[in-house]
Amino acid sequence: MTTLEAKLEAARADLAERDGVLIAFSGGVDSSVVAALAHDALGEDAVACTARSETLPEAELEDATRVASEIGIRHELVEFSELESDAFVENDDDRCYHCRTMRLGEMIETAREFGIETVCDGTNADDPGAGHRPGLQAVEELEVHSPLLAHDIDKAEVREIADRYGLSVADKPSMACLSSRIPTGLEVTEERLTRVERAEALLRQWGFDQFRVRDHDGLARIEVAPDELERALETAFVETVREELSELGFDHVTLDLHGYRTGSVSPGSENDTDGEEPANDVFATET
């Protein structure tokens with residue numbers, strides 16, 4: 001038995017001992033692996049639950065629905081609004097703590113409605129050492145169970161497990177909520193979230209894989225993966241993105257020549273559900 005197989009056996013046994021679990025399910029690779037393990041261990045007593053709010057891109061909700069179907073797990077949706085929290089809207093260094101507290105609070109309430117005592121999330125063994133992670137404080141305070149962390153399963157192993165299960169998200173890049181595109185200290189508003197989501201939908205249509213559109217109070221800073229920078233400089237894309245982002249309400253449109261970097265506007269580091277780590281803001285090429 002390999003080390004990974006031993007970890008998988010222990011994680012499944014851990015989940016099988018519980019009467020039922022509800023997984024905080026984003027559709028990212030971490031929570032998808034937890035959902036697959038829980039479904040293996042508990043069958044119908046495992047429920048994947050996605051919290052729908054203004055910070056969740058519609059494309060991510062569609063992915064979550066599709067991946068839950070791949071796993072065969074029961075999938076439930078709950079709706080709430082982080083924008084009802086002044087602490088979240090303020091967008092300080094602990095934004096992710098406020099977000100995760102609300103999001104997991106909704107999960108706990110939903111689990112109780114279903115008669116389920118255990119709520120799980122997708123925190124993996126690499127996350128605690130990945131910089132400022134205020135969201136993990138909420139996980140600890142609310143006593144949410146993290147099977148991947150508990151059994152020392154790191155990100156590389158998570159992706160290997162996802163591949164073993166044949167999950168379409170095995171190689172999916174990490175995705176943080178839309179509020180991570182707004183610099184710390186600048187209020188999170190529905191207007192800003194909406195225009196970021198629409199701007200990123202445009203980049204997705206153009207076939208970019210790893211990217212962000214950062215909203216600096218009306219200035220759009222586009223980040224794409226370094227190996228996609230050359231394509232982002234093509235005249236056809238430049239002209240289209242400039243026109244369409246201007247129509248969305250951006251006063252200026254820039255391309256960051258450093259390329260995509262996690263956390264270039266906010267503290268913490270980015271994964272499926274948390275914030276992003278700090279980096280220098282550079283406005284490179286304005287179009």
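A charge is taken to sit over a ring when NZ of Lys or CZ of Arg is within 6 Å of the ring centre and within 35 degrees of the ring normal. In this predicted model, Arg231 meets that description, lying over the face of Phe208 at 4.3 Å from the ring centre. A further case is found at Phe250, where the charged end of Arg195 sits over the ring, 4.9 Å from its centre.

The structure holds 2 aromatic pairs. In one of them, the ring centres of Trp206 and Phe237 are 5.3 Å apart and the planes stand at 70°, so this pair is edge-to-face. Trp206 belongs to the loop between helix H9 (190-205) and strand S5 (211-216), while Phe237 is part of helix H11 (residues 235-247), so the contact ties together parts that are 31 residues apart in sequence. Phe237 is buried, its relative accessible area being 3%, whereas Trp206 is partly exposed, with a relative accessibility of 32%.

The rings of Phe208 and Phe237 make a pair as well: their centres are 5.0 Å apart and their planes are at 55°, so the arrangement is tilted. Phe208 counts as buried, with 4% relative accessibility.

Taken together, Trp206, Phe208 and Phe237 form one aromatic cluster. Phe208, a member of this cluster, is the residue whose ring face lies under Arg231.

Definitions and conventions
Residues are numbered from 1 along each chain as its sequence is written. This is a predicted model: local features need pLDDT of at least 70, side-chain atom pairs count only at pLDDT 80 or more; totals for chains, interfaces and linings use all residues. Side-chain values use heavy atoms; hydrogens and water are left out. Rings of Phe, Tyr and Trp (its six-membered ring) pair if their centres lie within 6.5 Å; planes under 30 degrees apart count as stacked, over 60 as edge-to-face and the rest as tilted. Helices (H or I, at least four residues) and strands (E, at least two) are DSSP runs, numbered from the N terminus. Buried means under 20% relative accessible area, exposed over 50%, partly exposed in between (1.4 Å probe, protein chains only).
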